[in-house]
Structure formats: C-alpha cells, structure tokens
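Work through the exercises below with the sequence and the 3D view open. Try each task before reading its solution.

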Amino acid sequence: MKNKYKIFGIDDEPSVLLIIQHYFKSKFDVKVFNKPADAIASMQEGDLPDIIICDLNMPEISGAEFVEMVRSSGFFSSIPLIVLSATDSSEKKIDILNMGADDFMVKPFNPKELEARINSILRRTGKFAIDSINE
C-alpha cells in the first residue's frame, strides 16, 4: 500500500476539524489539532505533514502568527499551508498570502473545493494527488 499524504488540520472549531477528518480520512492521513501550539509540538517531534490547513482566528496563537512561525522555521518553511477564515476581507487574504500561506479559503467551505486546492498544491510541490496515481 502507498503511504498516504499527511494533512494537519488546525482549528478551534470542533465541527471544522470533524469535516476535515471525516472528508479526507480515506485519502489522507489526517491529524487534527485545536491549538497551533500542539501542531508545532508534533512537528518538532518529527511528525511532519505534507500540507497544513489552518484557521485564521484562533485563541493563543492566531493563524497569522502560525503562518509566520512556520515560514520563519528552517525545518517547516516549505510545508504548504492553506488558511481558512470566516473573514472574506480582501485585505486579510492579501496579508496572509504575502506572509507565506499558499492558499486562502473562506468558511464555510466546500470540502471538494478544499480537496481540489490540496491536490493542486501537492502537484505543484512535486507530490501527486493520490487519485492521479494509477499504478
């Protein structure tokens, strides 16, 4: 069996984590965290995801701070990041993308669209979407 790509979902809303976990579990190895600090701790222990889906508005460490932390780290800086937010502000999107996020999606989101965006990023980073590998 092929190894599945690993997704980290980070959100303080349990319902969003449930959607990510439920929708992606058949194609990806999904780990969810309700705090960015927990995801960082896991990554520091060597558990590295292929892609991170992170909420923007969270207590303690915001999504923006998380993006900055990941991008400024030598070890994690190349991990693709998709930011989710209930905010549809163009300015926020621009800020987050300029900070280093690979994509930005407004909540509520369509899981199929999120999957398409994940597959697009994996293709761009030289990893191929599971569906496109016919061996």
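**Exercise 1. Compare the radius of gyration of the chain with that of a compact globule of 135 residues.**

Solution. Keep in mind that this is a predicted model.
- Step 1: A compact globule with 135 residues would have a radius of gyration near 14 Å.
- Step 2: take the value for the chain. It is 14 Å, so the two agree.
- Step 3: Along the principal axes, the C-alpha atoms fill a box of roughly 40 × 30 × 25 Å.
- Step 4: Of the 135 residues, 44% are buried.
- Step 5: check how the contacts span the sequence. Take contacts between residues at least 6 apart; 58% of them join residues at least 24 apart.

**Exercise 2. List the secondary structure elements from the N terminus on.**

Solution. 
- Step 1: count. The chain has five helices and five strands.
- Step 2: read the order. The elements run β-α-β-α-β-α-β-α-β-α.
- Step 3: bring in the record. UniProt, in an unreviewed entry, lists residues 6-122 for "domain: Response regulatory".
- Step 4: describe that span. Residues 6-122 are 44% helix and 21% strand, and their end C-alpha atoms lie 11 Å apart.

**Exercise 3. Work out the strand order of the sheet, then find its edges.**

Solution. 
- Step 1: order the strands. The open sheet of five strands reads β2-β1-β3-β4-β5, with parallel pairing.
- Step 2: find the edges. β2 (28-33) and β5 (103-106) each have a single partner strand, so one side of each has no neighbour in the sheet.
- Step 3: On average, neighbouring strands are turned by 20 degrees against each other, direction ignored.
- Step 4: zoom in on one pair. β4 and β5 are joined by four bridges in the parallel sense. Ser85 has Val106 of β5 as its bridge partner.
- Step 5: Helix α5 (residues 111-124) lies across β1, β2, β3, β4 and β5, and runs at about 180 degrees to β5.

**Exercise 4. Identify the residues with the most contacts inside the largest nonpolar core, and the elements that build it.**

Solution. 
- Step 1: find the centre of contacts. This core has 22 residues, and Ile10, Ile52 and Phe66 have the most contacts inside it.
- Step 2: assign elements. Two or more residues come from each of β1 (5-10), α2 (36-44), β3 (51-55), α3 (63-72) and β4 (81-85).
- Step 3: find the main contributor. α3 gives the most, with four residues.
- Step 4: follow one side chain's surroundings. Beyond four places in sequence, Phe66 touches Ile10, Pro36, Ile40, Ile52, Cys54, Ile61 and Leu81.
- Step 5: look for another core. A second, separate one has 17 residues, including Phe24, Ile51, Ile82 and Phe109.

**Exercise 5. Is Asp55 buried or exposed?**

Solution. 
- Step 1: start from the record. An unreviewed UniProt entry lists Asp55 for "modified residue: 4-aspartylphosphate". Such an annotation may be inferred rather than shown by experiment.
- Step 2: locate the residue. Asp55 lies in strand β3.
- Step 3: apply the cut-off. Buried means under 20% relative accessible area. Asp55 has 2%, so Asp55 counts as buried.
- Step 4: list the neighbours. Beyond four places in sequence, Asp55 is in contact with Ile10, Asp11, Asp12, Gly63, Leu84, Ser85 and Lys107.

Definitions and conventions: Residues numbered from 1 in each chain as written. Predicted model: local features only at pLDDT ≥ 70, side-chain atom pairs only at ≥ 80, totals over all residues. Heavy atoms only, no water. Core = buried A, V, L, I, M, F, W, Y, C linked by side-chain atoms within 4.5 Å. Buried < 20%, exposed > 50% of the residue type's maximum accessible area, 1.4 Å probe, protein only. Contact = heavy atoms within 4.5 Å. Pairing = 2+ DSSP bridges. Axes fitted to C-alpha atoms, helices over the stretch in contact; angles between N-to-C directions. Rg over C-alpha atoms; globule rule 2.2 N^0.38 Å.
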